[in-house]
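Hi everyone, thanks for coming. Let me put the model up on the screen, and then we can walk through it together.

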Amino acid sequence: MSDIDDVEVLLVEDSRHDAELMMRALAKCDVNSKLHWVQDGVDALEFIRCTGAYDGRSFDQRPKLVLLDLKMPRLNGLDVMRELKSDERTKTIPIVVMTSSNETRDIRESYQLGANGYVTKPIQSADLAAAIAHIAAYWLRINQVP
Amino acid sequence: MTDEFQNVDLLLVEDNEHDAEMTMRALTKAHFLNRVHWVRDGVEALEYVRCTGAYIDRDPQQVLKLMLLDLKMPRLGGIEVLRELKTDPKTIGIPIVVMTSSNQDRDVTESYNLGVNGYVTKPVQVASFMEAVAQIGMYWLLTNQAPTR
């Protein structure tokens, strides 16, 4: 088993600053979940589909959660969601949008495409850490995936 | 318009009175002041969401932050409720978490295929049950954003 085969959280985030804050917050939570960070939608799809740089990854090792930013280079979050949620092989993987946008249109469109949840990134880092703790407690400990 | 369902954030769809009461008690114990409305089967759940039947006077602008949905219920089961609500563009955005005693893989997979937002197997131990409900509240009532109308 390669070291990316037991990843439970896929973080899709182009901002290094935000990604580091979120990873630090998750590390403080009472979960032992391994996280893998990718910086855009193309890498996210390759990870899930085990293609490109992730060619050797086992497709059966599905993350318990994809934390997905919306605005990203190359391929944005809504396009990633459209791809994953319209594919029988990947539609059951929980996706939580985590973005700085709280525009009604983004929220509505995310749910229409099948987002499992939607969280607006808090601006204060203490609030962001609290949000990550709630996300981790629910999605990694309480929620059940197929 | 006075609406007795104003500010209801959580619709609890559960035929078992004991489980329903324990869920509501767990939320209160975790200091959630959100209003909960409890219905006992899928028919009532659909009437509530669609503002029909007994809920004809409910204000459709009042949206839920969460529906907690049992699977095995009389009249109309949870799977059918999911199928109805998640195939209708008007209701697809309502966050629905299945909470059931079944952890059969078939139920989990079917729920996700129908578009469920989350799936929780009811813990048997009371303390674990209370804890699970508290975490559900922390995420779905405090952290997650549901669509507005």
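**Strands and helices in chains B and A**

In chain B, strand S3 (residues 66-69) and strand S4 (residues 96-100) pair in the parallel sense over 3 bridges. Here two strands pair if DSSP finds at least two bridges between them, and strands (E, at least two residues) and helices (H or I, at least four) are DSSP runs, numbered from the N terminus. Within that pair, B:Met67 stands opposite B:Ile96 of S4(B).

A quick word on what we are looking at: this is a predicted model, where local features need pLDDT of at least 70, side-chain atom pairs count only at pLDDT 80 or more, and totals for chains, interfaces and linings use all residues. Residues are numbered from 1 along each chain as its sequence is written, with chains lettered from A and ligands numbered from 1 in the order in which they are written.

Now the whole sheet of chain B: 5 strands form an open sheet with parallel pairing, in the order S2-S1-S3-S4-S5. At its edges are S2 (35-39) and S5 (118-121) of chain B, each pairing on one side only.

Over to chain A. There, S1 (residues 7-12) pairs with S2 (residues 34-38) in the parallel sense over 5 bridges, and A:Val7 stands opposite A:Lys34 in S2(A).

Which residues of helix H2 (residues 41-49) of chain A are buried? They are A:Gly41, A:Asp43, A:Ala44, A:Leu45, A:Phe47 and A:Ile48, where buried means 20 or more other C-beta atoms within 10 Å of a residue's own, with C-beta atoms placed from the backbone. Just after H2(A), A:Cys50 takes a positive phi of about 55°.

How values were computed: Buried ≥ 20, exposed ≤ 12 C-beta atoms within 10 Å, placed from the backbone.
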